[in-house]
Amino acid sequence: MRLDNGLKLRKIAAIRSNTSSRMSELRVFHTSTLKAEFSVPGDKSMSHRAAILGGLSDGICTIHNFLPSEDCVNTLMAMQALGARHEILDEMPAHGPLKLKLHGQSMSLSAPAAPMDCGNSGTGMRLLAGLLAGQKFNSELLGDESLSGRPMGRITLPLRQMGARIETLGEKDGCAPLRFQPAKLSSIHYEMPVASAQVKSAVLLAGLFANGKTIIIQPATTRDHTERMMASFGIELEIEGNHIAIQGGQTPKACNFIVPGDISSAAFWLVAAAALPGSQLTLKKVGLNPTRDAIITVLKRMGASITVAPDETSGEPMGDIKITGALLKGTTILEEEVPNLIDEIPVIAVAAALASGHTTIRNARELRVKETDRIATVVENLRAMGGVVEEFEDGMEIEGGHPLRGTSLHSFGDHRIAMAFAIAGLFAKGETVIGGTDCINTSYPGFSRHLAAVMSGSSDPSDYDLTSAS
Ligand code: S3P
């Protein structure tokens, strides 16, 4: 049924007042249609890297479609504290910059006046640590409670091998805050024990400031945005399979960069559309980097019909994703797929609960050291909704097809848990209330607006437009 315009607007306004930040909760109800075309905000991983490489570059860079989330704004502010100022050319109302000019410092950063706050962001802290390891000044990085409990030994170990002088000041051993003293770095040959793009990127950034050639070997392929963006900034890397080498002393050349939409944010709507028979969704200009697109492969394997129309810009593939819903069936996530879709596993678990048959997710121990222990938080919330799931040390097995019921859930302060269970709420009987949803702003400003538009059944593009004030 099509709503008339006035009624539709009143319905959206009512949903928004319930889904917006009031009491920091989302109220979600069952939805039976999803026919829309919209864009999700810019990629988080690329926005962090653009802020850092732009700030190190030899001139002025314009970044388009920057992600105006708390995580990325914290990295931008850290770069500003290090001397790389920015000018905002366009912004998402009430959030932050969408388009900005970065004033590169030609690799000569200045001492920050105070500790730099990375908030909730492991990417921000670990990449900035690589940058700060080889500076001539003292500096300090801190973060919120979740970030102060996450393992930093995985970066302090290789950075100390390069000569960095880093102290971990956290209550928990090896955790943030991180204090850096001036140091001259030497190159290393580092075989990473964990498949982590953040560790790889920290060592590559430190390698830019080191004497000689730093070589990194990854145990499995991880997202390659740092390598691609370094290449866009004119930095020479030698890449052969999972071996990456960088010669120190190179200065990034200023360039303009277009950030594609974040496939990890798109994943929430891809799952919603995939699991809803009859839905038709197009997500515009989403990043399609092959080290990030396993969510598409997995949803296809589960029975969704997906087509992509790729188009290359700024060294990163992007394109429109069209998806049609179906009755999904369970699947097994392959070990080699795990690093490619690590951030999408919470919402894949929701898709699995909606599918028929079993879904197995193993070899995903890394989920336990994300913003929350995402194995525990997913299992707890799925069970609270009536899902049937067995927990393992390194993953979970979900028996799909049990009807979900609306209930009160926690985000546990984790943006991806909040959004994954908002999607589950669209399929549940009754109302689902998710508490503590401010954290969504760390990666997806505007999510509640998109959710309200989806719940209202809107296919009007203006209801999904995050560039206008809501
Ligand atoms: C990221 C890498 C991933 C991912 C995180 C962002 C990045 O972590 O979970 O959200 O931007 O490098 P790993 O370091 O475990 O690969």
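These legends describe close-up views of a predicted model. In this model, local features need pLDDT of at least 70 and side-chain atom pairs count only at pLDDT 80 or more, while totals for chains, interfaces and linings use all residues. Residues are numbered from 1 along each chain as its sequence is written, and side-chain values use heavy atoms, with hydrogens and water left out.

**View 1. Two domains make up the division of the chain.** Domain 1 covers 24-42 + 261-464, and domain 2 covers 44-258. These bounds come from an automatic or database domain assignment. The C-alpha centres of the two domains are 28 Å apart. Domain 1 brings 29 residues to the contact, and domain 2 brings 29 residues; contact means heavy atoms within 4.5 Å.

**View 2. Domain 1 and domain 2 bury about 2,500 Å² between them.** Carbon and sulfur atoms give 49% of this area. Buried area is the accessible area (1.4 Å probe) that two parts lose on being put together, summed over both. Three salt bridges cross the interface; the rule asks for a side-chain nitrogen of Lys or Arg within 4 Å of a carboxyl oxygen of Asp or Glu. There are also 14 residue pairs in polar contact across the interface, both residues at pLDDT 80 or more. A polar contact is a pair of N or O atoms within 3.5 Å; within protein, one must be able to donate a hydrogen and the other to accept it, and residues adjacent in sequence count only if both atoms are side-chain atoms.

**View 3. Strand β17 gives the largest share of the side of domain 1 that touches domain 2, three residues.** β16 (305-313), β17 (316-324) and α12 (415-427) each supply at least two residues of this side. Helices (H or I, at least four residues) and strands (E, at least two) are DSSP runs, numbered from the N terminus.

**View 4. The side chains of E371 and R150 form a salt bridge.** The N to O distance is 3.8 Å.

**View 5. K284 and D320 pair in a salt bridge.** Their closest N and O atoms are 3.1 Å apart. K284 sits in strand β15 (residues 280-287) and D320 in strand β17, so the pair ties together parts 36 residues apart in sequence. The salt-bridge count comes to 25.

**View 6. Residues around the ligand include K44, R49, T123, R223 and E366.** A residue counts as near if one of its heavy atoms lies within 4 Å. The side chain of S196 places an N or O atom 2.6 Å from a ligand oxygen. For A197, a backbone N or O atom is 2.8 Å from an oxygen of the ligand. A polar side-chain atom of K370 is 2.7 Å from a ligand oxygen.
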